[in-house]
Amino acid sequence: MINRYGWQFYHWHIEPSSKCTVKCPRCPRTEFPNTSWLQKELSLEEFKNAFTPSFISEYVQRFTMCGDVGDPIYCKDYLRIVEYIKSINLLAMFILLPMVVTRKKIGGMNLHK
Ligand code: SF4
């Protein structure tokens, strides 16, 4: 899979959840409160359908799991998606709000390979 400039896709930025209640001052969710922001979470099944092992082996070298206008911590399947990525032995970067993440919440997972 190649973008319009002829570069191969390899680093995928995924937004696991478009939900958030934090209201950071410069966030579009806060600056445009009357916008009907999507309120959705990515399920493990949706992720697996989009990123099959064969697709990943051909087109993915790295995932960044971060929100643009949502926080991944609101995704119920987040840890299962992380486990799926790790089972394929891929490098993944996980960006969460530190105020809502505890060791207990991430289940003591070693997120670094
Ligand atoms: S989506 Fe991100 S930037 Fe926006 S309020 Fe939530 S944490 Fe802050």
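Start at C20, in the loop between β1 (11-14) and α1 (28-31). Helices (H or I, at least four residues) and strands (E, at least two) are DSSP runs, numbered from the N terminus. Residues are numbered from 1 along each chain as its sequence is written. This is a predicted model: local features need pLDDT of at least 70, side-chain atom pairs count only at pLDDT 80 or more, and totals for chains, interfaces and linings use all residues.

**Stop 1: C20**

Is C20 buried or exposed? C20 is buried, because 20 other C-beta atoms lie within 10 Å. The cut-offs are these: buried means 20 or more other C-beta atoms within 10 Å of the residue's own, exposed means 12 or fewer, and partly exposed is in between, with C-beta atoms placed from the backbone.

Now select the contacts of C20. Leaving out residues up to four places away in sequence, C20 touches R29, G67, G70, D71 and Y74. Contact means that the two C-beta atoms, placed from the backbone, lie within 7 Å.

**Stop 2: the ligand**

Show the residues around the ligand. There are 12, and the closest are C20, V22, C24, C27 and R29. A residue counts here if its C-beta atom, placed from the backbone, lies within 6 Å of the molecule. Colour this shell by class: six residues are nonpolar, three polar and three charged. Nonpolar covers Ala, Val, Leu, Ile, Met, Phe, Trp, Tyr, Cys and Pro; charged covers Asp, Glu, Lys and Arg; the others, Gly among them, are polar.

**Stop 3**

Select R29, in helix α1. R29 counts as partly exposed because it has 18 C-beta neighbours inside 10 Å. Beyond four places in sequence, R29 touches C20, W37 and V69. The C-alpha atoms of R29 and G70 are 8.7 Å apart, at a separation of 41 residues along the chain.

Step back to K23, in the loop between β1 and α1. K23 is not a glycine, yet has a positive phi of about 65°. With 9 C-beta neighbours inside 10 Å, K23 counts as exposed.

**Stop 4**

Go to helix α4 (residues 78-87), where the buried residues are Y78, I81, V82 and I85. Why are they on the same side of α4? They cover an arc of only 100° around the axis, counted from the directions from the helix axis to the C-beta atoms. An α-helix has 3.6 residues a turn, so residues three or four places apart point the same way.

Now select L42, F63, M65, C75, Y78, I81, V82 and I85: these eight form the largest nonpolar core. The largest share, four residues, comes from α4. Such a core is a set of buried Ala, Val, Leu, Ile, Met, Phe, Trp, Tyr and Cys residues joined through C-beta atoms within 7 Å.

Stay on Y78: not counting residues up to four places away in sequence, Y78 touches P16 and P72. Just after α4, N89 takes a positive phi of about 65°.

**Stop 5: the whole chain**

Zoom out. The chain has four helices and three strands, in the order β-α-α-α-β-α-β. Buried residues make up 14% of the 113 residues. Finally, colour by pLDDT, the predictor's confidence in each residue, from 0 to 100. The chain averages 80, and 79% of the residues score at least 70. Confidence is highest in helix α2 (residues 44-50), at a mean of 96, and lowest in strand β3 (residues 91-94), at 64.
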